[in-house]
Amino acid sequence: MRSDGKMETNFLILEWSDGWREVIRVSSIKGFLRYYVIQRMENVGRLVLDKVEGYPELLIIERKPRDLSKIVLYGMNKAYRVNLRRKERFGDKVELSGHEEVEDSGEIKKEFVNALRKRGYDPNALLSLKDDELKERLKELGNEINLYPSVDPRDAFDFMKLLLEELVKSKS
Amino acid sequence: MLRVKWCGIDFGQCLMDPRNLRNKWLWGDICKKEWKPQLIDERIRRYRILKEKYGSYGAIREKGIPEVLSFVLENSNEALKLYQELTQNYLTPAEGAIDTLKYLKDEGIKLYVVAELRKTLGPIGTDIVSSFLLKHGLIQYFDAMVTPQGKIDFRTHEIDYTYCGKTKEDGKLYDKLAEDLRQQGIQPSECVMVGDKPETDIIPAKKRGFHTIQFIGYYDFGPSGADYTISTFPELKNIIKGIKSDEK
């Protein structure tokens, strides 16, 4: 802190062996502690979807990429079992790939219905709840069936709302 | 071949394989289970800052839990519970450890976990070490766990608090252990300590007459003066033999 009460500001200048420089503003710094580089083999999953128009959709899968076992395209009745048997090398890089189309058994919907039953929830009654209250119930149901939002909580809420709507429709 | 009656095994990064405990996976699971995936990056950043303060992630788990709560988790006890629960999901026994522990037990060797635990001991299953042993079915092979918080006898569930305050690093824990083992008719020369860190597992144990084996499967801290060096647990089968079975 400076005597006038303002934060001390410094600029960190980074220089690379090829002459490149970058600057970062830092404040209230006492000194340099350490610099280190982590070198490790990273597994990163890339999931690519074909789009109706334009470029493919590319999704990055960071959670245990080699353990991803199934991909379901809900609403399209398509499901794929992941089987990373194929191995291709490009220099230091290795790409593992492989999948087979399987029948979508509708497992997730069955589990969702069971979770509703277990908690005594009626799809119609849930859909008539206020937004905040509905979200709390949907979180409970998601936790029950091990279903969580990957990036945005709204995706999971909207998916479960869709399931509820389908259940209401199928009853009427 | 070492002929021993007692074998002590270090927990973190030795008996326990931490390699699956990746920040992106652990914090991803925690935040998603809280339905707040938007917090993942910031919490990882803060957790990495804590690592710089404590020196290693293992040290955070041993000593820094209050700061995980206040600095990383916005004082959410619910999130802390998830952190502790989900951390366990990513920790696995070292490769070949179960088979090796069975061998050592069959050799009639007493097995202790010797861990630098900082959290006050409670009933079995309430600390990170014994809950790990329970979860993976390893507790049946061990007779006791010795820590600076006390010794838990896994058979009687009794806690011996005379170990309190004695650490591996200052060596007093090994003094107490040697005294304890002598009372059971076991001399330090009939004991072997297996661990990865020279300053806590090898040097102080060796100084007190224990045989020592440095495990470098996950972290290699360089030469330590240990009697043997191993990279995998099954190698212990070629080094250790029980005294009783030798006499048969």
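## Chain A and its contact with chain B

In this predicted model, A:Arg34 and B:Glu52 form a side-chain salt bridge at 2.3 Å, N to O. A salt bridge here is a side-chain nitrogen of Lys or Arg within 4 Å of a carboxyl oxygen of Asp or Glu. The interface of chain A and chain B holds 4 salt bridges by this rule.

Helix 3 (131-144) and helix 4 (153-171) of chain A each give at least two residues to the side that touches chain B. Helices are DSSP runs (H or I, at least four residues) and strands likewise (E, at least two), numbered from the N terminus. That side of chain A comprises 11 nonpolar, 3 polar and 8 charged residues. Asp, Glu, Lys and Arg count as charged; Ala, Val, Leu, Ile, Met, Phe, Trp, Tyr, Cys and Pro as nonpolar; the others, Gly among them, as polar.

22 residues of chain A contact 12 residues of chain B (heavy atoms within 4.5 Å).

Confidence is given as pLDDT, the predictor's score for each residue from 0 to 100.

| Part of chain A | Mean pLDDT |
|---|---|
| Chain A | pLDDT 91 |
| Strand 1 (residues 9-15) | pLDDT 87 |
| Helix 2 (residues 123-127) | pLDDT 97 |

Among the elements of chain A, strand 1 has the lowest mean and helix 2 the highest. In chain A, 96% of the residues score at least 70.

Local features need pLDDT of at least 70, and side-chain atom pairs need 80 or more, while totals for chains, interfaces and linings use all residues. Residues are numbered from 1 along each chain as written, chains are lettered from A and ligands numbered from 1 in written order, and side-chain values use heavy atoms, without hydrogens and water.
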